[in-house]
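Please look through the model below, beginning with a charge and a ring. The aromatic pairs, the nonpolar cores and the salt bridges follow.

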Amino acid sequence: MNRNSPEKRTLRGAIVGFGNVAINAHLPVWRRKEHFRIDAVVEPQAERARQARELLPEARIYPDLEKMIAAERVDFVDICTPPCFHDDLVLASCRSGLHVFCEKPLTTSTERLREIQKSAARSESVVFTVNNWKHAPLWVKARDLVRAERIGAVRSVSMNVLRTSSSGGGASNWRSDPRVARGGIMIDHGWHNLYLILSLVAETPVSVSARMEPAPGSSTGLEETADATIRFPRAEAKLHLTWRAPCRRNFGTVEGERGTMTIGDDHILVESDGTQPQRYDFQEALSAGSHHPEWMDCVVEDFVREIRDAALRGSNLREARTCIELIELAYRSNREASCSMEICSLTE
């Protein structure tokens, strides 16, 4: 049954998976937005279901998605589970005509992505990944500076993400299990940084190469360090990610034809030909937290726009598609020790 509606009424939703990201990042924004109401929670674990009852006493709690869909008339689901469950939950939701708001990664397989695209098209469902880092004030300013041509056309991007070994994964540390996480730091932090790179370089990527290393002595093969190079027709981006750093930090540089933009954890420094260097400072460092609920308002507004306006649908899904393909090819490049994996389907 298709439950889409363009009218501006309250949208009723269900949170699927009531862990840390649901509690600390998603639930605050649903409560702030007057046109949303969370009517249900899907959570099979008893302790988390108890938390859901305490925090959302007005919502009904269900052990699985199928039972929730059969009993509720919601408009969308908010998927906050670990990555291994995303594919099936997204497809089941689309088949029921629901819009989907999903934590990254949407999926880690281009084959499953095609299934999702077809299912979403049949049901006219919006499938939307929570690409929240693009709404960090620092990255909003960085894109504004690039679009204003303060450094000219971008020709080189370098981005670095340093995290300690105890980063993320919640109480169960699910990130350490490749069957649950579907990958290591390339999936976790790589996803965010790929769409940030794409927002700075106004070109379609043509190839990717990558090298990854697991933790010393690890039997899972889960990568804790990744280095990737993404090539564009007239630009190149290098990405370094690690869970082995002694501290948390984000930094990088964006080089253009007329200048350089240095990205610090809490500032931007622009040095452009013929002008004085200019520094922009931000209240909070990019690495200051993991959930960033303050960035979610803009994410939800983008989600609503795709629901309300059919002409806008698919833009977020296309961005997710590029991230999925780049990550899939990065893993393949690492496995095959190939210099470069050519990208074909992005131009289809």
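**Rings, cores and charges**

The charged end of Arg249 lies over the ring of Phe251, 4.1 Å from the ring centre; a charge sits over a ring if NZ of Lys or CZ of Arg is within 6 Å of the ring centre and within 35 degrees of the ring normal. The model is predicted, with local features needing pLDDT of at least 70 and side-chain atom pairs counting only at pLDDT 80 or more, while totals for chains, interfaces and linings use all residues. Residues are numbered from 1 along each chain as its sequence is written, and side-chain values use heavy atoms, with hydrogens and water left out.

Rings of Phe, Tyr and Trp (its six-membered ring) pair if their centres lie within 6.5 Å; planes under 30 degrees apart count as stacked, over 60 as edge-to-face and the rest as tilted. The count by this rule is nine aromatic pairs. One of them is the tilted pair of Trp30 and Phe76, with 5.0 Å centre to centre and 45° between the planes. Trp30 belongs to helix α1 (residues 20-32) and Phe76 to strand β4 (residues 76-79), 46 residues apart. Helices (H or I, at least four residues) and strands (E, at least two) are DSSP runs, numbered from the N terminus. Trp30 and Phe76 are both buried, where buried means under 20% relative accessible area, exposed over 50% and partly exposed in between (1.4 Å probe, protein chains only).

Trp30 also pairs with Phe101: the centres are 5.2 Å apart and the planes at 65°, so this pair is edge-to-face. Because Trp30 lies in helix α1 and Phe101 in strand β5 (residues 99-102), the pair ties together parts 71 residues apart in sequence. Ring pairs link Trp30, Phe36, Phe76, Phe101, Phe128 and Phe303 into a cluster.

A nonpolar core is a set of buried Ala, Val, Leu, Ile, Met, Phe, Trp, Tyr and Cys residues joined through side-chain atoms within 4.5 Å. The largest has 77 residues, and Met68, Leu106, Trp139, Met186, Met261 and Ile268 touch the most other members. Helix α8 (residues 185-200) gives the most to this core, ten residues. A second, separate core of 28 residues includes Phe36, Ile61, Phe128 and Val304.

The whole structure has 26 salt bridges, each a side-chain nitrogen of Lys or Arg within 4 Å of a carboxyl oxygen of Asp or Glu. In one of them, Arg279 meets Asp281 with the closest N and O atoms 2.8 Å apart. Arg279 counts as partly exposed at 48% relative accessibility, and Asp281 as exposed at 53%.
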